[in-house]
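Take a look at the model below. Keep it in view as you read.

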Amino acid sequence: MATTKPKEAFLLFVNQFIDKTDVAMQLQIKAALSSFSFSFLKKNDFLVQENEICNHFCYIESGILQHAIEVDGEEKTTYLGLRNSATSSLKSFLNQTASQKSIKALVDTELWIIDLKNFQELLQNNAAFHHFYFKLIEKQIMLIDDYRIDLLTLSPEERYKKLLVTEPKLLQEVPLHYLASFLGISNRHMSRIRKNIK
């Protein structure tokens, strides 16, 4: 459904990755964002479920999206998409194959979404959007690299302390058991850590 909802927050997010003083680039980005449509997920609604095809790349204007897989009947959180970030089940979206994970709204969530056809057209024909996407992926790869290294080199307490510094919003907005799963810590151990670290 069409919407006249403004995209100011989305534009501010994109402008982190491109030259805000380049008039031509700004015009291209505004044209690119017009290809995104507004979507709303209620708490516990899915952007995509495991083994289904992810049909959208999205910007999260408000809310939280949990990326999760099921291991031996237990849900494991692999990533938490917060307000003012972009996400998708990217392999599924780009290759149109079954997603290995589910993406669910932990709270009511507002999104700007785009389908694969329009996404590919922007990458091919809009230089500013191509630049934004390249820089976004670069940043995500570096974050994933840091996260994997932290899992191997930091104790649970050290991982929690780092999260306090780097992602304080997560601790304020995300329920404890999702955070514990994301950090690779048991719920019981996580409760102990939170009591000991103020």
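This report covers an open sheet, a hairpin and one leucine in a helix.

**The sheet.** The model is predicted. In it, 4 strands make an open sheet, in the order E1-E8-E3-E6. Their pairing is antiparallel. Strand E1 (37-41) and strand E6 (85-87) are at the edges. Each has a single partner strand, so one side of each has no neighbour in the sheet. From one strand to the next, the twist averages 35 degrees.

What holds such strands together? Strands of a sheet pair through backbone hydrogen bonds, either parallel or antiparallel.

| Strands | Sense | Bridges |
|---|---|---|
| E1 and E8 (residues 109-114) | antiparallel | 5 bridges |
| E4 (residues 64-71) and E5 (residues 74-82) | antiparallel | 8 bridges |

Phe38 stands opposite Trp112 in E8. Ile69 has Lys76 in E5 as its bridge partner.

**The hairpin turn.** The hairpin of E4 and E5 has 2 residues between its strands. There, Asp72 takes a positive phi near 50 degrees.

**A leucine in a helix.** Leu163 lies in helix H6 (residues 156-166). Is Leu163 buried or exposed? Its relative accessibility is 6%, so Leu163 counts as buried; the cut-off for buried is under 20%. Leaving aside residues up to four places away in sequence, Leu163 touches Pro168, Leu170, Leu171, Leu179 and Leu183. Take Leu183: it is 20 residues from Leu163 in sequence. In space, the two are 9.1 Å apart, C-alpha to C-alpha.

Methods. Residues numbered from 1 in each chain as written. Predicted model: local features only at pLDDT ≥ 70, side-chain atom pairs only at ≥ 80, totals over all residues. Heavy atoms only, no water. Pairing = 2+ DSSP bridges. Axes fitted to C-alpha atoms, helices over the stretch in contact; angles between N-to-C directions. Buried < 20%, exposed > 50% of the residue type's maximum accessible area, 1.4 Å probe, protein only. Contact = heavy atoms within 4.5 Å.
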